[in-house]
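Colleague: I am new to this structure and would like to go through it with you. Could you put it on the screen?

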Amino acid sequence: MPRSESAARVSARMTPPTDKTAKFRRGRTRAGLGLFATVPFARGSRVIEYTGEFITPDEADRRGGRYLFQVDERRVIDAKGRENLARYINHACRPNCEARQVGRRIFIFARRAIAPGEELTYHYGKVYFRAFIAPHGCRCASCMPPVIPPRPATRPPPPPPPVPRAAGNGRPAATPRGGRTR
Ligand SMILES: [Zn+2]
């Protein structure tokens, strides 16, 4: 049985966004979708629960899928439902969150103070990293720092001076063409 907050489900369509969803927004990242904070989180605070269906590792292998969280040797959470926003949190090698087991449940905690607008990340673990991330190359911020685009010119460059028509040796004024010599 998927665990769900029945109270929040009663009239999900009728009610404005709950406090839970208002704290986050999904957004595009280099790794696809990610989850971003829309409110500040204090260091050490509980950010969100990783909810889903508890299944066995064998069942997880059968199902496959991208949103599996290995709790221990016997249990995996399959976060199939879109209501689990925690499943959109991407891996990072120097993350701002961490996943912790509290009783039978998995929560994402803030490792440091998080400002609104920051993408939430946690380390998926060495086993997962070696198996699924390393083969394709990690795209987290510390492995692939953002490319800083060149500062745009504040004003367009002046137009080239007019080529004098019948001056000098008759060739048009030399214009650089990228170093080709033919
Ligand atoms: Zn990385």
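Modeller: Let us begin with a term: a residue counts as buried when its relative accessible area is under 20%. Please keep in mind that this is a predicted model.

Colleague: Is Cys138 buried or exposed, then?
Modeller: Cys138 is buried, because its relative accessibility is 13%. Cys140 also counts as buried, because its relative accessible area is 5%.

Colleague: Which residues are the protein donors of the zinc ion?
Modeller: Cys93, Cys138, Cys140 and Cys143 each give their SG atom, lying 2.3 Å from the zinc ion. Along the sequence, these donor residues follow the spacing C-x44-C-x1-C-x2-C.

Colleague: And what is the geometry of the zinc site?
Modeller: The site is tetrahedral, with angles of 102 to 114 degrees among the 4 donor atoms.

Colleague: Changing topic, how many residues are in the largest nonpolar core?
Modeller: That core has 23 residues, and Phe24, Leu35 and Ile89 are among those with the most contacts inside it. Strands β2 (32–37), β3 (46–49) and β9 (105–110) are the elements that give two or more residues to this core. The most comes from β9, with 3 residues. Apart from this core lies another, of 5 residues, including Ala92, Phe129, Cys138 and Cys140.

Colleague: Where does Thr121 lie?
Modeller: Thr121 lies in strand β10, residues 121–122. Thr121 counts as buried because its relative accessibility is 10%.

Colleague: What does Thr121 touch, beyond residues up to four places away in sequence?
Modeller: Thr121 touches Ile89, Asn90, His91, Ala92, Pro95, Asn96 and Cys97.

Notes. Residues numbered from 1 in each chain as written. Predicted model: local features only at pLDDT ≥ 70, side-chain atom pairs only at ≥ 80, totals over all residues. Heavy atoms only, no water. Helix = DSSP H or I, 4+ residues; strand = E, 2+ residues; numbered from the N terminus. Buried < 20%, exposed > 50% of the residue type's maximum accessible area, 1.4 Å probe, protein only. Contact = heavy atoms within 4.5 Å. Donors = N, O, S within 2.8 Å, 3.2 Å for Na, K, Ca; no water. Tetrahedral: all angles 85-135°; square planar, octahedral: opposite > 155°, others 65-115°. Core = buried A, V, L, I, M, F, W, Y, C linked by side-chain atoms within 4.5 Å.
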